[in-house]
Amino acid sequence: MKEPLQEIYNLENSFYIASYYYPNRMDYPLHFHDTFELTLTCNVRGERIVGNHVEEFEEYDLTLLKPNVIHRFLRAEGEGCENCEVTVLKFSKNLPQWTMMNAIQMESIRNMLNRSAAALVFSKDVARTLKSRIESIAGRTDFDAGIRFLSILDYLSRLPASEVKVLGGDRSDSTYSTSRRIRQILRYVENNYASNITLEDVGKLIGMSPTSVSRFFKSRTGRTFWSYVIDYRMECVQSMLSETDLNISEIAFSCGFNSLSNFNKVFRSRYGCMPREYRSRYKDSVSR
């Protein structure tokens with residue numbers, strides 16, 4: 001039902017993997033992968049989480065994420081997904097070390113990819129300028145698309161500082177997800193979200209007291225442990241409402257909510273409607 005928290009891609013025989021999503025619900029939980037990622041989001045506003053950096057993003061957002069950085073793009077409340085476009089380019093963490101990258105023509109790209117940062121966020125004008133180019137290579141593996149991919153990186157690597165925002169200015173700040181304990185916590189939630197999760201159990205798993213777990217998670221991700229658990233459960237609920245015919249109470253209990261009234265309260269505060277209405281709206285949107 002859900003994508004794994006650690007995504008794995010085989011990029012040994014390709015420059016990149018490019019995917020275009022429209023419409024896109026932007027309902028991924030916090031996750032990480034062992035690749036670079038260039039993400040373009042259009043026609044939607046929301047919250048971007050990169051390591052312990054949490055900030056809002058606007059209608060056109062273009063972000064280059066380093067390998068093994070915890071991240072998430074979340075639609076703002078009230079923002080519909082009908083016109084939301086997301087294009088994602090993933091490419092090998094080893095690209096800066098490829099032999100061809102030693103060529104003088106590749107120097108600016110190499111320097112950008114080797115820059116010590118969790119992510120680079122490019123201006124709205126840059127996102128608008130590159131939108132058609134980025135979308136044009138989605139799903140393609142031909143030679144021309146490969147050249148376009150390199151030209152996109154080259155364009156980004158030569159931008160003036162005023163067009164680029166750096167998130168995380170040192171190496172330690174750019175590898176949050178390499179923390180063994182954070183990975184253990186995320187996988188524990190993924191595997192146990194349907195059960196009664198306690199800070200005591202998490203603490204035993206990673207060798208910390210319950211209070212220390214809360215402080216540690218907040219310091220590494222920029223959010224509380226319980227807000228993450230609720231988010232993950234609600235994302236599972238969203239998927240089950242749209243992908244199954246289970247009734248509302250079955251979905252609530254299978255996603256870790258032991259009180260139907262509390263579940264309805266949380267759902268309504270987050271999505272502005274009751275679960276049954278949400279399901280009805282979703283079915284109407286996909287049948288148009």
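## Nonpolar cores

The largest nonpolar core of this predicted model has 37 residues, and Phe225, Val237, Cys255, Phe263 and Phe267 touch the most other members. A nonpolar core here is a set of buried Ala, Val, Leu, Ile, Met, Phe, Trp, Tyr and Cys residues joined through side-chain atoms within 4.5 Å. Buried means under 20% relative accessible area, exposed over 50%, and partly exposed in between, with a 1.4 Å probe and protein chains only. At least two residues of this core come from each of α4 (180-192), α5 (199-206), α6 (210-221), α7 (225-243), α8 (248-254) and α9 (260-271). α7 gives the most, with nine residues. Helices (H or I, at least four residues) and strands (E, at least two) are DSSP runs, numbered from the N terminus.

Phe267 shows the packing at one residue. Leaving out residues up to four places away in sequence, Phe267 touches Met234, Val237, Leu241, Gly272, Cys273, Met274, Pro275 and Tyr278. Contact means heavy atoms within 4.5 Å. A second, separate core has 33 residues, including Tyr16, Phe122, Ile134 and Leu159. In soluble globular proteins, nonpolar side chains tend to be buried together.

## Model basis and confidence

Numbering starts from 1 along each chain as its sequence is written. This is a predicted model, in which local features need pLDDT of at least 70, side-chain atom pairs count only at pLDDT 80 or more, and totals for chains, interfaces and linings use all residues; side-chain values use heavy atoms, with hydrogens and water left out.

The average pLDDT (the predictor's confidence in each residue, from 0 to 100) is 83 for the protein. Of the residues, 86% score at least 70. Residues 1-9 do so, with 36 contacts beyond four places in sequence. Where pLDDT is low, the predicted coordinates should not be read in detail.

## The six-stranded sheet

Six strands form an open sheet in the order β2-β9-β4-β7-β10-β11, with antiparallel pairing. Two strands pair if DSSP finds at least two bridges between them. β2 (16-21) and β11 (164-167) are the edge strands, each pairing on one side only. From one strand to the next, the twist averages 15°. Axes are lines fitted to C-alpha atoms, for helices over the stretch in contact, and angles run from 0 to 180 degrees between N-to-C directions.

Leu120 stands opposite Val166 in β11. Helix α2 (residues 124-136) lies across β2, β4, β7, β9 (85-92) and β10. Its direction is about 80° to that of β7.

## Strand β4

β4 pairs with β9 in the antiparallel sense over eight bridges. Phe36 has Phe91 as its bridge partner in β9. β4 also runs antiparallel to β7, with six bridges between them. There, Cys42 has Tyr60 as its bridge partner.

Eight of the eight residues of β4 are buried. Thr35, Glu37, Thr39 and Thr41 are buried on one side, and Phe36, Leu38, Leu40 and Cys42 on the other. In a regular strand the side chains alternate between the two faces of the sheet.

## Loops with positive phi

Asn43 lies in the loop between β4 (35-42) and β5 (46-50). Its phi is near 65°, a positive value in a residue other than glycine. Asn43 counts as partly exposed because its relative accessibility is 31%.

Asn68 sits in the loop between β7 (60-65) and β8 (71-75). Asn68 also has a positive phi, about 65°, although it is not a glycine. With a relative accessible area of 14%, Asn68 is buried.

## Cysteines

The whole structure has zero disulfides. A disulfide is a pair of cysteine sulfur atoms within 2.5 Å. For Cys236, the nearest cysteine sulfur is that of Cys255, 5.2 Å away. Cys236 is buried, at a relative accessible area of 0%. Cys273, a contact of Phe267, is buried at 1%.

## The α5-α6 loop

Gly207 lies in the loop between α5 and α6. Gly207 is exposed, with a relative accessible area of 59%. Gly207 and Arg181 are 26 residues apart in sequence, and their C-alpha atoms are 9.0 Å apart in space.
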